[in-house]
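Me: I'd like to walk through this model with you, one question at a time. Could you keep the cut-offs beside the terms as we go?

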Amino acid sequence: MRRRQVLKHSIALVSMLVCVCCFFIVTMTVLKLPDAPTKESAMGFYPITRSRKVSIQDGNLCKFGEMMIDMLPRDHAFTVFVPSEEAFKRDLRLSVNDALKSDRFNDTYAILTRILGFSTVPRALLSSNVKLGELVNYDSLSGFPLYISKDIDEMLVVNRIRSEIVDVRKKEIVVHLMDGIIMDAEFEQSVLSDNDTDED
């Protein structure tokens, strides 16, 4: 009989301890929640700031960059780190004259789609949102981690690739022209090996 009472008391004690812990966790979570934004406050993590606007023609986007931008809906906020034409030639051996021919167009489109997944963030990120000396981390559309910082010349550096032109706007989309291609090593190897077999 005494054992049964001890067992009942220990179960009650454990149950009470679990309830107290749950109450404590819920209370701490509620206290640490940020205030809900009002209509007057800016949405997102950073305040809305004015930036220098550059038209898309002035941004020197190559045909590949334009194709990447055209894949995105224009009424949603995105940031795209678009490679320059020179970066496409140097890093992936893609030139507009050869890659857009009818026999290679589908392969080129697939490559651009993958690059878009690696180099696009589903939010507007202007260069003014990144402070000098600060490192911000975002996941791209494909889940690839992007580490973004700003150098002394006010240019963004993403995964060690420096931007050439920043803050190009196309409706809700922010475009940064990069001097390289943001991609994972596995994709880079597959594209380069495909190019090597095409040349043979």
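Me: How many bridges join β6 to strand β7?
Reply: Happy to start there, with a predicted model in which local features need pLDDT of at least 70, side-chain atom pairs count only at pLDDT 80 or more, and totals for chains, interfaces and linings use all residues. Residues are numbered from 1 along each chain as its sequence is written, and side-chain values use heavy atoms, leaving out hydrogens and water. Strands are DSSP runs of E with at least two residues, helices are runs of H or I with at least four, both numbered from the N terminus, and two strands pair if DSSP finds at least two bridges between them. β6 and β7 (residues 173-178) run antiparallel, and the number of bridges joining them is 5.

Me: Which residue in the turn between β6 and β7 has a positive phi?
Reply: Lys170 stands opposite Ile173 in β7. The two strands form a hairpin with 2 residues between them. The positive phi, about 55°, belongs to Lys171.

Me: And which turn residue has a positive phi in the hairpin of β5 and β6?
Reply: Strand β5 (residues 156-158) and strand β6 (residues 161-170) pair in the antiparallel sense over 2 bridges. Val158 stands opposite Ile161 in β6. This hairpin also has 2 residues between its strands, and the positive phi of about 50° is found at Asn159.

Me: Is Ser163 buried or exposed?
Reply: Ser163 lies in strand β6. Setting aside residues up to four places away in sequence, Ser163 touches Met155, Leu156, Leu177 and Met178, where contact means heavy atoms within 4.5 Å. Buried means under 20% relative accessible area, exposed over 50%, and partly exposed in between (1.4 Å probe, protein chains only). With a relative accessible area of 1%, Ser163 is buried.

Me: What is the bridge partner of Lys150 in β5?
Reply: Strand β4 (residues 145-150) and β5 pair in the antiparallel sense over 3 bridges. In β5, the partner of Lys150 is Leu156.

Me: What separates the C-alpha atoms of Ser149 and Lys131?
Reply: Ser149 is placed in strand β4. Beyond four places in sequence, its contacts include Val130, Glu134 and Leu135, along with Met155. Ser149 and Lys131 are 18 residues apart along the chain, and their C-alpha atoms are separated by 7.6 Å.

Me: Which strands stand at the edges of the sheet?
Reply: The sheet is open, with 7 strands in mixed pairing and the order β2-β1-β7-β6-β5-β4-β3. An edge strand has a single partner, so one side of it is left without a neighbour in the sheet. The strands at the edges are β2 (120-121) and β3 (136-139).

Me: Is Met28 buried or partly exposed?
Reply: Met28 is found in helix α1 (residues 2-32). Its relative accessible area is 33%, so Met28 counts as partly exposed.

Me: What percentage of the residues of the protein chain count as buried?
Reply: The protein chain has 6 helices and 7 strands. Of its 200 residues, the share that counts as buried is 36%.
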